[in-house]
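Try each task before you read its solution.

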Amino acid sequence: MTAAATAADRPLKRGDKLVVATHNKGKLREIEDLVKPFGLSVTSAGALGLPEPDETGDSFEANAELKAIAAAKASGLPALADDSGLAVDALGGDPGIFSARWAGPDKDFSRAMRLVEEHLAGVGATTPEKRKARFVAALSLAFPDGGHQTWRGEVEGVLVWPPRGTQGFGYDPMFLPDGFDVTFGEMPADMKHGWNGTGEGLSHRARAFAKFARARLRT
């Protein structure tokens, strides 16, 4: 049995303690909102003083797995990690797994959004059909013995300029999901998640979480 397979028979139930392997307050808040209906006791890698591992993977899945495994081993608790980002068709999928790095050491996503817009202008992507993008999230659950499993969620949309809204975080203000006339930055959390324990959800993170919840969570 592989390390990944050992996670298959381990559901999480109400009252279990879970470490969310992030130091990002916005990401932590969204995952806490998604976990809340299941009654898990949630803490974060940041609150426990755990170091952030280098994200050396070549995919969202690989980076989510290495963060979850590191947090689970360091804390002795099950850990849930997310690796997510914005993939822009006209930019060959960039910034992709480097989405956070485009924000620089100060995590300035206003800067990151300007860089995306500058790159789009540089390739002549000025009309909606040339500005297609998707948010991608990989969500990985790991246990202290190294067992882990990962789920992926995506949501399609187009990029707008200037950014709109102050909700959410990261690239949300410039992302207009398909079928909506408001950006993620203009959506309240319940609308952005579009999920309350059933269905697929709207956001990339909610869609990955829905798969995780069906596989691992027990109410």
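One thing to keep in mind throughout: this is a predicted model.

**Exercise 1. The length and sides of a helix**

Next, list what is buried: F109, A112, M113, V116, E117 and L120. The spacing makes sense, because an α-helix has 3.6 residues a turn and residues three or four places apart point the same way.

The face turned away from the buried side carries the exposed residues E118 and G122.

**Exercise 2. The ends of α3**

Find the residue that caps the N-terminal end of α3, then look at the glycine that follows the helix.

*Solution.* At the N-terminal end, the cap is D108. One of its side-chain oxygens lies 3.1 Å from the backbone nitrogen of S110. Past the other end, α3 is followed by G124, and the phi of G124 is positive, near 75 degrees.

**Exercise 3. Salt bridges across the sequence**

Take the salt bridges D145 with R10, E156 with R134 and E186 with R164, and place each partner in the fold.

*Solution.* As background, side chains of opposite charge can pair when their charged atoms come close. The structure holds 15 salt bridges, and here are three of them, one step each.

1. In the bridge between D145 and R10, the closest N and O atoms are 2.7 Å apart. D145 lies in the loop between β5 (132-142) and β6, and R10 in the segment before β1 (12-13), so the pair ties together parts 135 residues apart in sequence. D145 is exposed at 52% relative accessible area, while R10 is partly exposed at 23%.
2. For E156 and R134, the closest N and O atoms are 2.9 Å apart. E156 belongs to strand β6 and R134 to strand β5, so this bridge joins parts 22 residues apart in sequence. E156 is partly exposed, with 34% relative accessibility. R134, at 18%, is buried, because the cut-off for buried is under 20%.
3. For E186 and R164, the closest N and O atoms are 3.2 Å apart. The pair links distant parts of the chain, with E186 in the loop between β7 (175-177) and α4 (189-193) and R164 in the loop between β6 and β7, 22 residues apart. E186 is partly exposed at 34%, and R164 is partly exposed at 29%.

There's also a network to look for: salt bridges that share partners join K27, E30, D82, D172, K192 and R205.

**Exercise 4. Rings against rings**

Classify the aromatic pairs F109 with Y171 and F135 with F184 by the angle between their planes.

*Solution.* A search of the whole structure turns up 7 aromatic pairs. In the F109 and Y171 pair, the ring centres are 5.3 Å apart and the planes meet at 80 degrees, so the pair is edge-to-face. F109 is in helix α3 and Y171 in the loop between β6 and β7, so the pair ties together parts 62 residues apart in sequence. F109 is buried at 19% relative accessible area, and Y171 is buried at 3%.

The F135 and F184 pair is stacked, at 5.9 Å centre to centre and 0 degrees between the planes. F135 sits in strand β5 and F184 in the loop between β7 and α4, 49 residues apart. Both F135 and F184 are buried.

To finish, find the cluster: F38, W151, F209 and F212 form one aromatic cluster.

Terms used:
Residues numbered from 1 in each chain as written. Predicted model: local features only at pLDDT ≥ 70, side-chain atom pairs only at ≥ 80, totals over all residues. Heavy atoms only, no water. Buried < 20%, exposed > 50% of the residue type's maximum accessible area, 1.4 Å probe, protein only. Helix = DSSP H or I, 4+ residues; strand = E, 2+ residues; numbered from the N terminus. Polar contact = N/O pair within 3.5 Å; in protein donor to acceptor, adjacent residues only side chain to side chain. Salt bridge = Lys/Arg side-chain N within 4 Å of Asp/Glu carboxyl O. Phe/Tyr/Trp six-rings, centres within 6.5 Å; stacked < 30°, edge-to-face > 60°.
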